[in-house]
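Hello,

Here is the structure I promised to hand over. Please open it alongside this note. My findings follow below.

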Amino acid sequence: MSAGQQLPMAGPWITEHEERVVLDALRNGWYGKNAYYYCELFEAEFAKYHDRAFGLMTPNCTTALHLLLAGLGIGPGDEVIVPDCTWVGSSACITYQRATTVFADIDPHHWCITPQALERAITPRTKAVIVVDLYGNMPDWDGLLEVARKHNILVIEDAAEALGSKYKGVRAGKFGVASTFSFHRTKTITTGEGGMLLIDDASLYERCKFLRDHGRKPGTYYNYEVTFKYMPFNLQAALGYAQFQRIDELVGKKRWIWNCYRERLSDIPDIALNPEPPNTVNGVWCTAVVFGKSHNMTRDKAMHELSEYGMPSRPFFYPLSSLPAYGSRGETYQDINPVAYDVSARGINLSCALNLTEAQIDAQCDALKRILRR
Ligand SMILES: Cc1ncc(COP(=O)(O)O)c(C=O)c1O
């Protein structure tokens, strides 16, 4: 096996601090009020950091979005707009609620949904848009919020990939009626599996909290509705809280990785990495590269050729409308969302593991340069 094959695609950075906090939960977090101690602490601190009133930890981000849509009463007959390029975890909640998924196009530079695409996708049945901060990139939030206000639709922020990002001084996670985060093992802070729903409105928070635990009032065994069981537990929350206490270090490492890629690839013309336009900060969950057309390089060709050098990579998000899960409607949707199809066909993700070394980044960049000069 070459050194490259051992190079990880993604993964966390765990220290003795996390070990100590998790051990505390393991030893002491079972009886009385300590049973949910770290869940409540993590929820409160994470919400405060994002200038939100309330946090609800969930088993993952997919369930956080589902809980929110249910809490908002979105259901059959309603349309919800999502960007065509994102992970299916952003959109699955719409199907869970038996609402209709509407795919909108993305921007060629920041790869998020645009205000123009949002406006084009709105119909009288549109209830909400799920805006995704893709790869940590910030969309045109002012423009999106303006369109949503004009058409009276709810804005939901899927900030799963945007921990540490900012738009005009406002943290990702503060936009719209509510936002969600993922603590999947590949994310900037991890609980293995885990997620968070952040909300400002007290009644929406109470409704989502009720829906999260079998439709009962906390502390009672009396159920008012049949709902979900999307509860978190102390052990995962302890890991999340300990990681959260190191947020600057973890986001700093992600930005360091992105800067290393930028420096080493700066002599290659006509490629685009995650942008950071003025007035934004990019938390860069993962560095993605989109090859300019002059390279004649596709996503699939690049991944194949990088693997010949033993280098890991992942595809840029496929347009959801092209996937079997959504009826393989690529032929129709490449005209409706041309940017999503175009960018996705030319993009890959580079390794974003938090234990990456400079030598490993050098090796990936060397391989990338070789395949582009072939
Ligand atoms: C943009 C986006 N939304 C949602 C999700 C779903 O997160 P989870 O795996 O925690 O359910 C992910 C995770 O990979 C994601 O990247």
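Predicted model: local features only at pLDDT ≥ 70, side-chain atom pairs only at ≥ 80, totals over all residues.

The ligand

As for its place, the ligand sits in the largest pocket.

Glu 161 puts a side-chain N or O atom 2.5 Å from an oxygen atom of the ligand. Asp 158 has a polar side-chain atom 2.6 Å from a ligand nitrogen. For Ser 90, a polar side-chain atom lies 3.3 Å from a nitrogen atom of the ligand. On its own, the ligand has 390 Å² of accessible area, and the protein covers 92% of that.

Asn 60

This residue is in the loop between strand E1 (54-58) and helix H3 (61-71). The side chain of Asn 60 reaches the backbone nitrogen of Thr 63 at 2.8 Å. Leaving out residues up to four places away in sequence, Asn 60 touches Glu 193, Gly 194 and Gly 195. Ala 44 is 16 residues from Asn 60 in sequence, and their C-alpha atoms are 17 Å apart.

Ser 321

Look next at the loop between strand E13 (314-315) and helix H11 (330-336), where Ser 321 is found. Is Ser 321 buried or exposed? Its relative accessible area is 0%, so Ser 321 is buried. Beyond its neighbours within four places in sequence, Ser 321 has contacts that include Asp 84, Phe 103, Tyr 333 and Tyr 341.

Best wishes

Methods
Residues numbered from 1 in each chain as written. Heavy atoms only, no water. Helix = DSSP H or I, 4+ residues; strand = E, 2+ residues; numbered from the N terminus. Buried < 20%, exposed > 50% of the residue type's maximum accessible area, 1.4 Å probe, protein only. Contact = heavy atoms within 4.5 Å. Polar contact = N/O pair within 3.5 Å; in protein donor to acceptor, adjacent residues only side chain to side chain. Areas by Shrake-Rupley, 256 points an atom, 1.4 Å probe, with all protein chains shown as cover. 1 Å grid on protein atoms, 1.4 Å probe; cavity = no way out; pocket = protein on both sides within 12 Å on 5 of 7 lines; lining within 4 Å. Sits in = over half its atoms within 2 Å of the grid points.
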